[in-house]
Amino acid sequence: MRNISGILKHKLLSSYGIYLGSNLLSSAIPFAFLPILTRYLSPSDYGLVSTFKILLYIFSILIGVNTHGALTRTYFKLQDIDFKKYLYNLIVISLASFLIFSILVENIIHSQIILREVPKRWLSYVVLFAIFESWSKLLLSLWRVQEKALRFGLFNILKALFNITLTILLVVHLEMGWQGRVSSIIAVGLVFGAFSLWHLWHNQISNNYFNLKYIQIDHLKNALSFGLPLIPHALSGWVINYIDRFFIAAMIGMSDVGIYSVAYQIGNIIGILALSFNQAWSPFLFKELKKDNYPVKVK
């Protein structure tokens, strides 16, 4: 009984409970409103929304360059002052990546290398969303390694609530269709991303680092050497989970993409269980490995 009590009180298990609860709740909010969305959005509209969410996911990977993963790995290795400089350089990477992909997307908009169903003018918003989303991921990763699971959970729940509330306003009351749903996702992403950047800068970096001399090659190389090789891995996850929508869109039609996406959302619940455990496990693992103790590594 004493061992069971110790397990139940373990920080890892309590964090897992918080991550699981917040992930379930933040996923349950849009899931609960699924009947409303499927009533006011046609299958074709829902297919377009699903396609845009995939584009948002892809560009978030490319522009973010896995800086949030680099933060998780490096947090326990650096002293406080060095970590602030490292975080500053992570933000610099995201800004540079944003500029590069903004130029590329402008060229894509003026070419034909794009799905014919996707309005070209929306691609600029996708790139803008991606950089703000990278800042949200940085803040969430920081809270994870600091074991601030409650803040992490509250952030995601509030984001889901604001997202669905704005969606109902734009789709149901203003009857904006798929554009209302996409506008809601982008707008909420920008707001929470802006808050994340402000929080990181105000509480972690401070105004003393608003200087180009704090751009350090060693920090940039460290982050990029970790993040760039992981981009194919992250994109492979997208290929496995989402490329089928593009095949359905090309071979059958956007309406069938919408129907398929609704069914996929219902069946995706098991992924939440695995994701929640990994969110709790990752910072716990790096914290224990920092001790460089053989019995701890075996455990």
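Biologist: Which residues does Asn66 touch, not counting residues up to four places away in sequence?

Modeller: A contact list of this kind is read by setting aside sequence neighbours; in this predicted model, Asn66 then touches Ile61, Phe226, Gly227, Leu230 and Ile231. As for its place in the chain, Asn66 is found in the loop between helix H4, residues 43-64, and H5.

Biologist: Is Asn66 buried or exposed?

Modeller: Burial is read from the relative accessible area, with under 20% counting as buried; Asn66 has a value of 13%, and is therefore buried.

Biologist: How do the axes of helix H5 and helix H10 cross?

Modeller: One reads the approach of the axes together with their angle: those of H5, residues 67-74, and H10, residues 217-251, come within 8 Å and cross at roughly 115 degrees. Because angles of 65 to 115 degrees count as roughly perpendicular, H5 and H10 are described as roughly perpendicular to each other, and their crossing is right-handed. On the H5 side the contact is made by Gly69, Ala70, Arg73 and Thr74, and on the H10 side by Asn222, Ala223 and Phe226; by class, this contact has three nonpolar, three polar and one charged residues.

Note on methods. Residues numbered from 1 in each chain as written. Predicted model: local features only at pLDDT ≥ 70, side-chain atom pairs only at ≥ 80, totals over all residues. Heavy atoms only, no water. Axes fitted to C-alpha atoms, helices over the stretch in contact; angles between N-to-C directions. Helix = DSSP H or I, 4+ residues; strand = E, 2+ residues; numbered from the N terminus. Parallel < 35°, antiparallel > 145°, perpendicular 65-115°, else oblique. Left-handed = near helix turned anticlockwise from the far one by under 90°. Contact = heavy atoms within 4.5 Å. Nonpolar A, V, L, I, M, F, W, Y, C, P; charged D, E, K, R; others polar. Buried < 20%, exposed > 50% of the residue type's maximum accessible area, 1.4 Å probe, protein only.
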